[in-house]
Amino acid sequence: YLLAELDGAVAGSGLGGRSSFDYAGLHPRVLPTMRRRGVGTALLRAVYAELRALGIEELAIGVLATNHDALRLYEREGFTPWVVVALGKVPPESTD
């Protein structure tokens with residue numbers, strides 16, 4: 001678990017760890033007021049170093065399709081979309 005600071009203030013956090021598969025799950029978070037200041041990139045790269053030390057070579061990151069800032073960051077870091085999950089509400093019962 002890593003904590004990111006910027007100018008003495010908490011800016012975000014990151015968690016990476018081995019999953020039950022052969023890859024790691026990665027969970028970075030950057031506070032909205034700290035975004036677009038390099039915090040996400042620095043946080044990811046620090047987590048990468050921790051994972052490399054554990055011998056982990058592959059990652060999976062979950063991100064909402066509406067989180068465009070995170071998607072741009074991950075694309076810049078070389079990640080590509082892999083799984084798409086669609087969410088919705090159960091429709092009302094049909095009267096047909």
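The following paragraphs describe two pockets of a predicted model and the helix H2.

The model is a predicted one, in which local features require pLDDT of at least 70 and side-chain atom pairs are counted only at pLDDT 80 or more, whereas totals for chains, interfaces and linings use all residues. Residues are numbered from 1 along each chain as its sequence is written, and side-chain values use heavy atoms, with hydrogens and water left out.

Pockets were defined on a 1 Å grid over the protein atoms alone, as open sets of points where a 1.4 Å probe fits, with protein on both sides within 12 Å along at least five of seven lines, and lining residues are those with an atom within 4 Å of a point. The largest pocket holds about 720 Å³ of space, the volume being that filled by probe spheres set on grid points joined across faces, edges and corners. Its lining comprises 22 residues, with Ile 61, Gly 62, Val 63, Trp 82 and Val 83 nearest the centre; two or more lining residues are given by each of strand E4 (59-61) and helix H2 (68-76), where helices (H or I, at least four residues) and strands (E, at least two) are DSSP runs numbered from the N terminus. By class, 17 residues of this lining are nonpolar, three polar and two charged, with Ala, Val, Leu, Ile, Met, Phe, Trp, Tyr, Cys and Pro taken as nonpolar, Asp, Glu, Lys and Arg as charged, and the others, Gly among them, as polar.

The second largest pocket, with about 490 Å³ of space, is lined by 21 residues, of which Val 30, Arg 35, Asp 69, Ala 70 and Leu 73 are the closest to its centre. Strand E3 (24-30), helix H1 (39-53) and H2 each give two or more residues to this lining, and H2 provides the largest share, six residues. The lining divides into nine nonpolar, five polar and seven charged residues.

Within H2, Ala 70, Leu 73 and Tyr 74 are buried (under 20% relative accessible area, with a 1.4 Å probe and protein chains only). These three lie on the same side of H2 because they cover an arc of only 95° around the axis, as given by the directions from the helix axis to the C-beta atoms. On the other side of H2, Glu 75 and Arg 76 are exposed, that is, over 50%. The buried residues of H2 pack against E3, H1 and E4, contact meaning heavy atoms within 4.5 Å.

H2 is followed by Gly 78, whose phi is positive, near 95°.
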